[in-house]
Amino acid sequence: MFEGQPKGLYALALANTGERFGYYTMLAIFTLFLQAKFGFTAGEASNIYGGFLAAVYFIPLLGGILADRFGYGKMVTMGIVVMFFGYLLLAVPMENDVAKIAMFTALGLISFGTGLFKGNLQVMVGNLYDAPQYKAKRDTAFSIFYMAINIGALFAPTAATEVTNWVLGKANFTYNPQIPSLAHQYLDKAITPEGEATLNSLMQAQNYSGDLASFSTAYIDKLSEAYNYGFGVACISLIVSMLIYVCFRKTFKHADYNSKQAAAANVHEEELTPKQTKDRVVALMLVFAVVIFFWMSFHQNGLTMTFFARDYTVTEVSGIDRLGFNVWNLALLIVGVYAGFSLFQSKTGRGKTISGIVLLAALVVLGISYSTMDPTLPILPQIFQQFNPFFVVALTPVSLAVFGSLAKKGKEPSAPRKIGIGMLIAAVGFVILALGSFGLPTPAAVESGAAGATDYLVSPDWLISTYLVLTFAELCLSPMGISFVSKVAPPKYKGAMMGMWFVATAIGNYLTSVIGHLWGNMELWMVWGVLIVCCLLSALFIFSIMKRLEKVTNEA
């Protein structure tokens, strides 16, 4: 998996890890911040969330066009700087009117900076594998690169959670998911008698001695401040990302070339006929049309799936479930998985011995950690977002082993076929969540307090299982899609085509808000059913054009 890869891959991957850690720390609490700070409804928060994600993934098209003209490295450096100032604006606590202006300005800076950074960094990764000795390792390289992204994402929810608990704890508060919405309703004089009674009992549980008005204001202010501190974590991560990028630039400097600079870099690019160029661009566009609906479904993790975690999932766990809600336990599990693979794949006795010792040590430490944990563990809604990156990192070697074994037999699916399989698997993921949602009250009933006691709260295993299945889908689709674009894109349009991949992602991200608007009076299982249908129709479409896509892939 890691053998024979150029050093530049690891430098670029680690630079992206730092940036993604900050981004996903911000994203883990973003919709929660919108509703806690400003009292936005689910629909309003969905519009902002979807619009922001759309901008984050649309602007790489502009970033790619600029890089095709001015160079990839320059755009990446500029992107990090612009993003830093965006996160800095979010990190500073401000009053409501000023805070809204600062927030939208920050979102603009973050999306523009990400547009300059993200796609162009990935093009440089692809350029490393234009060299003949590395061509065969391209798919594996993008899987490793994607795994590095998710290492950053793995620790992000924990960082956001720890900061939230720390700030609330200083004010003698603890997190409760019901308080922000009820507090805003009380201050806006829109609360029902049932809601006021619930808020009063929650205030007493927080041991607050004032009245409901002062409690509502104080809690909203402190929770919003906690989220500001969480955004500050992103600023620090970008500084680390920049240091990695600058200090290890010599390992990938030779890959920092666009089509105009290829001759100067002594790189020979294939020459395509107009028909070949057209065929490749059309094939890419067809794939982009399919992945729109994957991202529309997948990025519900920061929207409706976070709402589900907040409003429908138990607030504390016990037993074996506690393991998954400690990120260091998850890190030990990852070490154990990789040590296990190394144990079976090592070609020397010394290698097997070292791998066996590491595996045993990871299991022993994990056992000690489990035995010393509190009987029950409180959980915050954003913490669920650590499961997807955990599964990505843990399952990447499994994915590579499976596809590697199929490749040796000449049966490995093509990149387009893997994308189609991923869409089918994504549908299965939402079937699980739909099954777990039968019989639950509607979101509107929960928000108004009409749902009554919280005895309807479900096991976290429904969400965790959904994240597991969606990760299998993601591993079939996302790294393979990026590799497909890197391989098939005409040389003159590499930056623009990688940008178009992100445009497709942007459209899907914006469409997440459609599902957010269904979050109200509609039954929950029907909300997830919409996503199931979208995934199945997308899979049907890509399999219907598979021969055309595979023809272009084989010719590239």
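This is a predicted model: local features need pLDDT of at least 70, side-chain atom pairs count only at pLDDT 80 or more; totals for chains, interfaces and linings use all residues.
**Stop 1: S355.** Is S355 buried or exposed? S355 counts as buried, because its relative accessibility is 5% and the cut-off for buried is under 20%. Now show the helix around it: S355 is found in α12, which covers residues 349-371. Next, display the contacts of S355. Leaving out residues up to four places away in sequence, S355 touches A339, S342, L343 and S346.

**Stop 2: α18.** Select residues 524-544, which make up helix α18. Draw a distance between its end C-alpha atoms; they are 31 Å apart. Why does that agree with expectation? The helix has 21 residues, and at 1.5 Å a residue they should span 30 Å.

Now colour the buried residues of α18: L524, V527, W528, L531, I532, C534, C535, S538, A539 and I542. They cover an arc of only 160° around the axis, so they lie on the same side of α18. Turn to the face pointing away from that buried side. There you find the exposed residues L537, L540 and S544.

What do the buried residues of α18 pack against? Show these helices one by one: α9 (274-298), α10 (304-312), α14 (415-437), α15 (443-448), α17 (494-518) and α19 (546-555).

**Stop 3: α14.** Keep α14 on screen. This helix has 23 residues. From its first C-alpha to its last, α14 reaches 34 Å, close to the 33 Å expected at 1.5 Å a residue.

**Stop 4: a patch on the surface.** Switch to a surface view. Select V431, L435, F438, W462, W525 and M526. Together they form a nonpolar patch with about 550 Å² of accessible area. Which helices each supply at least two residues of this patch? They are α14 and α18. L435, for one, lies in α14.

**Stop 5: L440.** L440 has 8% relative accessibility, so it counts as buried. What does L440 touch, not counting residues up to four places away in sequence? The contacts are F308, Y312, Y456, V458, E523 and L524.

L440 and A183 are 257 residues apart along the chain. Their C-alpha atoms are separated by 24 Å.

Methods. Residues are numbered from 1 along each chain as its sequence is written. Side-chain values use heavy atoms; hydrogens and water are left out. Helices (H or I, at least four residues) and strands (E, at least two) are DSSP runs, numbered from the N terminus. The expected span of a helix is 1.5 Å times one less than its number of residues. Buried means under 20% relative accessible area, exposed over 50%, partly exposed in between (1.4 Å probe, protein chains only). The arc is that of the directions from the helix axis to the C-beta atoms. Contact means heavy atoms within 4.5 Å. Patches are made of residues with over 30% relative accessible area and no salt bridge: like charges are joined within 9 Å, nonpolar side chains (Val, Leu, Ile, Met, Phe, Trp, Tyr) within 5 Å. Accessible areas come from the Shrake-Rupley method with a 1.4 Å probe; for residues, only the protein chains shown count as cover. A salt bridge is a side-chain nitrogen of Lys or Arg within 4 Å of a carboxyl oxygen of Asp or Glu.
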